[in-house]
Amino acid sequence: MNKIGIGVDIGGSHIVSCAIDMSTGKPIHGTEFEEKVNSKGTKIEIFETWAQAINATIGAVDLSSILGIGFAMPGAFNYKTGVAFYEGLDKYENLYDVNVKKELPEYLSNNSLALRFMNDASAFAAGEAWYGKAKDDYSSISITLGTGFGSAFIENGIPIVNRPDVPLHGCFWHLPYKKGIADDYFSTRWFVKSYEKLTGHKASGVKEVAIDAANGGESQIIFDQFGNAMGEFLLPWLIKFKPSTLVIGGNVSKAFDLFYPALEKHLQENEIKLKVVVSELMEESALIGSARLLDENYWQKVKDDLPEK
């Protein structure tokens, strides 16, 4: 029987848990469970909801085949010790200074399973490198575009977080850009702000802006600006790290056809040869990447470089 790793993706409003076949990196059908989470609830409420999804996955497979549970966790989090530091983020603040690694097992149907943690963007990138669009590539950068700007640098399947050719922890979101930081410009809220400035109307999200652009509306200019800015921002890191592939995920990636021409033009003008692809796995990538933490050889390669905040 093949060994199984349970991958868990912790979001701001939900949790998804799924069993992953460790010999192939494939999700196992019928083992994926999702629960809505009140991220402003008490520690007990949060842990009980997380446990509902995880226990459902545990119950769907042979317990003896489970190697442990890997978590794709948003920051701020100590990925080595399992201690949460959520403060001022309007989510999970009741987990501040809570050791998830030690306390969550009390709520699980099997409290002896190993728990390992990785940043959610790194888990997404690791999943893409193991079983997704970057599977056959030695080096890649993965970005997620949604409520925030996630990123990770991958070399030979391993997240690179502490090297001169990558930003700290492989993260783009905090880097200075124009009049703010990258997260201000490469996220959903930038589209909403830009659309309101252009049209005088407030959009509910990127989808509304994309529909207008796809129907010949003036908001195509917003996507042109976004694609050009993305190329400008990424350029120095593409030159330093020299990835062969850029994988794009997150809700904004659904509008890829609208912003890619401008991005491609910028890359070509700067003689950057790069395969740019949209994730097909999307959220499953984080489940796959987090489950890979249960591969002992892989774990030994990543455990010492896990961010501590």
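Which residues of H9 are buried? They are Ser285, Ala286, Leu287, Ile288, Gly289, Ser290 and Ala291, where buried means under 20% relative accessible area with a 1.4 Å probe, protein chains only.

This is a predicted model, in which local features need pLDDT of at least 70, side-chain atom pairs count only at pLDDT 80 or more, and totals for chains, interfaces and linings use all residues. Residues are numbered from 1 along each chain as its sequence is written, and side-chain values use heavy atoms, without hydrogens and water.

Helix H9 spans residues 283-291 and is mostly covered, with seven of its nine residues buried. Helices (H or I, at least four residues) and strands (E, at least two) are DSSP runs, numbered from the N terminus. The cover over the buried residues of H9 includes strand E1 (4-10), strand E5 (66-73) and helix H3 (120-131).

H9 also belongs to the elements that each supply at least two residues of the lining of the largest pocket, as do E1 and H3. A pocket is an open set of points on a 1 Å grid over the protein atoms alone, where a 1.4 Å probe fits, with protein on both sides within 12 Å along at least five of seven lines; lining residues have an atom within 4 Å of a point. Among the 43 lining residues, Pro74, Lys91, Asp120, Gly148 and Gly150 are the closest to the centre of the largest pocket.

| Pocket | Volume | Largest contribution to the lining |
|---|---|---|
| Largest | about 1,400 Å³ | H3, four residues |

Methods
Buried < 20%, exposed > 50% of the residue type's maximum accessible area, 1.4 Å probe, protein only. Contact = heavy atoms within 4.5 Å. Points joined across faces, edges and corners; volume = space filled by probe spheres on them.
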